[in-house]
Amino acid sequence: LDLVVRLCDFLKIDIGGAGEEVEIFTCGDLSFLKRLEERGDFSREEIRTIKGQILASESYYIAKAKFVYLANLSVNHAAEEAAHFIKSVSSGPEEPRELVDAFYANILHEALGFFGSKCMNHKRKCAHEKEFKATLAYLESARVPAERRLEYETARLLLEYKKLERRGKPLARTEIFRTRMDLFLSLTHALGYMLGDRLFYGLVGRAATKAQVRGLFLDPWAEEGAPVEAYFELLRRLKKVRIPKRM
């Protein structure tokens, strides 16, 4: 909650008393799962997705319940979920979207989450294309272990997608995501982190302003095609931003 206050102060976002409504759970307390099931307004698919995130050791903000689940007590995880909470309160909860819009909206949400964590811990790193290429080469050099299959599929699809993106083309083939929510979440998570990292350095290097970042938190991208437009506009704005070399 302190991180929510600090991020709101930094970005000049007013969420009123919304912070008083959120409940926070850690990896030692999964009691919220039973509460979600008892509410009656979460589908089996939604519960299954939440459990999948927990099993993957991912922190999670559940907007409909105003629950924050922290997979660990690191500043990175707490600040990331603080940013997700601010985004949800500022622009409203996510409504169902057509799959392409949902893909880009989720990337933008993940980007703002990573950006928020980076504001609190400037040294936080994430994988970019170079690292994904190395991961793919390594996993293709030997039989891919079952437990790393999702990592392999994510790296392969991410590199294919970035080639498409460089030609100015949005996502077109979505069939796989209709049955693979785990892959949808993993890929948008990776792409979002990359964009959030670039947004942070864009702010530092003045390729983006606080007002523009604040606008991303406030914008619900409600119109059809709005998330796609917002994503590519942000990419254009940050095109010349360079990520520092890190050990």
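**Exposure, core and pocket**

Biologist: What is Asp9, buried or exposed?
Modeller: Its relative accessible area is 54%. The cut-offs are under 20% for buried, over 50% for exposed and partly exposed in between, with a 1.4 Å probe and protein chains only. That makes Asp9 exposed.

Biologist: What kind of model are we looking at?
Modeller: Residues are numbered from 1 along each chain as its sequence is written, and side-chain values use heavy atoms, with hydrogens and water left out. Local features need pLDDT of at least 70, side-chain atom pairs count only at pLDDT 80 or more, and totals for chains, interfaces and linings use all residues, since this is a predicted model.

Biologist: How many helices and strands does the protein have?
Modeller: I take them as DSSP runs numbered from the N terminus, helices being H or I with at least four residues and strands E with at least two. Going from the N terminus, the order is α-β-α-α-β-β-α-α-α-α-α-α-α. The tally is 10 helices and 3 strands.

Biologist: Why does the radius of gyration agree with a compact globule, and what is it?
Modeller: I take it over C-alpha atoms, and the globule rule is 2.2 Å times the number of residues to the power 0.38. For 247 residues that rule gives a value near 18 Å, so the protein agrees with it. The protein's own radius of gyration is 18 Å.

Biologist: What share of the contacts with a separation of 6 or more joins residues 24 or more positions apart?
Modeller: A contact here means heavy atoms within 4.5 Å. As for burial, 49% of the 247 residues are buried. The share of contacts you ask about is 74%.

Biologist: What is Leu199, buried or exposed?
Modeller: Leu199 belongs to helix H8. Leaving out residues up to four places away in sequence, Leu199 touches Leu112, Phe115, Ala208, Val213, Leu216, Leu234 and Leu238. Phe115 is 84 residues from Leu199 in sequence, yet their C-alpha atoms are 6.8 Å apart. At 1% relative accessibility, Leu199 counts as buried.

Biologist: What is the phi of Lys66, roughly?
Modeller: Lys66 is in the loop between E2 and strand E3 (67-70). At 31% relative accessibility, Lys66 counts as partly exposed. Lys66 isn't a glycine either, but its phi is positive, at about 55°.

Biologist: How much space lies in the second largest pocket?
Modeller: On a 1 Å grid over the protein atoms alone, a pocket is an open set of points where a 1.4 Å probe fits, with protein on both sides within 12 Å along at least five of seven lines. Points are joined across faces, edges and corners, and the volume is the space filled by probe spheres set on them. For this pocket, the space is about 810 Å³.

Biologist: Which residues are closest to the centre of that pocket?
Modeller: Lining residues have an atom within 4 Å of a point, and this pocket has 26 of them. The closest to its centre are His128, Glu129, Arg198, Val241 and Ile243.
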